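I opened this entry to keep track of what I looked up, one item at a time.

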Amino acid sequence: FGSSFSPHSWDCAAAWSSVPHPAMDPNMLAQMSNREREHVTNSLNELQVQSMMDTYNGLVERCFGECVQHFRTKNLDGTEEDCLRTCVSKSLSFTQRLQQRFAEKNMQKMGN
């Protein structure tokens with residue numbers, strides 16, 4: 001993170017793109033009209049963006065609350081930086097694992 005760490009310097013989109021997302025059954029989409037497909041696609045995109053923002057905001061709130069202890073300077077001290085690095089890493093690992101499990105369960109449902 002370095003002393004210039006900020007939530008805005010963390011590339012949330014890149015981190016989120018590495019998380020597998022469950023897919024919709026292609027057969028369902030094939031049975032829809034173009035207008036219905038467009039509506040479903042837009043709705044899913046909005047949900048994905050909202051989910052990404054909720055995850056990011058939760059991560060920032062949780063890690064900031066847990067790690068930032070002093071407001072005497074505008075820079076983080078070494079302990080705060082280490083704590084933030086660990087918190088973000090663990091949170092991302094947990095989120096990725098949870099998404100992976102969700103996708104696996106979703107695929108099992110589609111297979112049965």
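**Entry 1, Gly 65.** I am working from a predicted model. I began with Gly 65: buried or exposed? Gly 65 has a relative accessible area of 53% and the cut-off for exposed is over 50%, so Gly 65 counts as exposed. I placed Gly 65 in helix α3.

I checked the length of α4 against its residue count. At 1.5 Å a residue, 34 residues should span 50 Å, and the end C-alpha atoms of α4 are 49 Å apart, which agrees. At the start of the helix I found a side-chain oxygen of Asp 77 within 3.1 Å of the backbone nitrogen of Thr 79. I also listed buried positions in α4; among them are Glu 80, Glu 81, Leu 84, Cys 87 and Val 88, as well as Ser 91, Thr 95 and Asn 106.

How many disulfides does the structure hold? I found two. With the bonded cysteines numbered in sequence order, the pairing reads 1-4, 2-3.

I took the link of Cys 63 and Cys 87 to begin with; the sulfur atoms are 2.0 Å apart. The angle about the S-S bond is -85°, and the link is left-handed. Cys 63 sits in helix α3 and Cys 87 in helix α4, so this pair ties together parts 24 residues apart in sequence. Cys 63 has a relative accessible area of 2% and is buried. Cys 87 is buried too, at 8%.

I then turned to the link of Cys 67 and Cys 83, with an S to S distance of 2.1 Å. I noted -65° about the S-S bond, and this link is left-handed. Cys 67 belongs to helix α3 and Cys 83 to helix α4, so the parts tied together here are 16 residues apart in sequence. Cys 67 counts as buried at 3% relative accessibility. Cys 83 has a relative accessible area of 23%, and I logged Cys 83 as partly exposed.

Which residues make up the largest nonpolar core? I listed eight: Leu 59, Cys 63, Cys 67, Val 68, Leu 76, Leu 84, Cys 87 and Val 88. The elements giving two or more residues to this core are α3 (34–67) and α4 (78–111).

Definitions and conventions. Residues are numbered from 1 along each chain as its sequence is written. This is a predicted model: local features need pLDDT of at least 70, side-chain atom pairs count only at pLDDT 80 or more; totals for chains, interfaces and linings use all residues. Side-chain values use heavy atoms; hydrogens and water are left out. A nonpolar core is a set of buried Ala, Val, Leu, Ile, Met, Phe, Trp, Tyr and Cys residues joined through side-chain atoms within 4.5 Å. Buried means under 20% relative accessible area, exposed over 50%, partly exposed in between (1.4 Å probe, protein chains only). Helices (H or I, at least four residues) and strands (E, at least two) are DSSP runs, numbered from the N terminus. The expected span of a helix is 1.5 Å times one less than its number of residues. A polar contact is a pair of N or O atoms within 3.5 Å; within protein, one must be able to donate a hydrogen and the other to accept it, and residues adjacent in sequence count only if both atoms are side-chain atoms. A disulfide is a pair of cysteine sulfur atoms within 2.5 Å.
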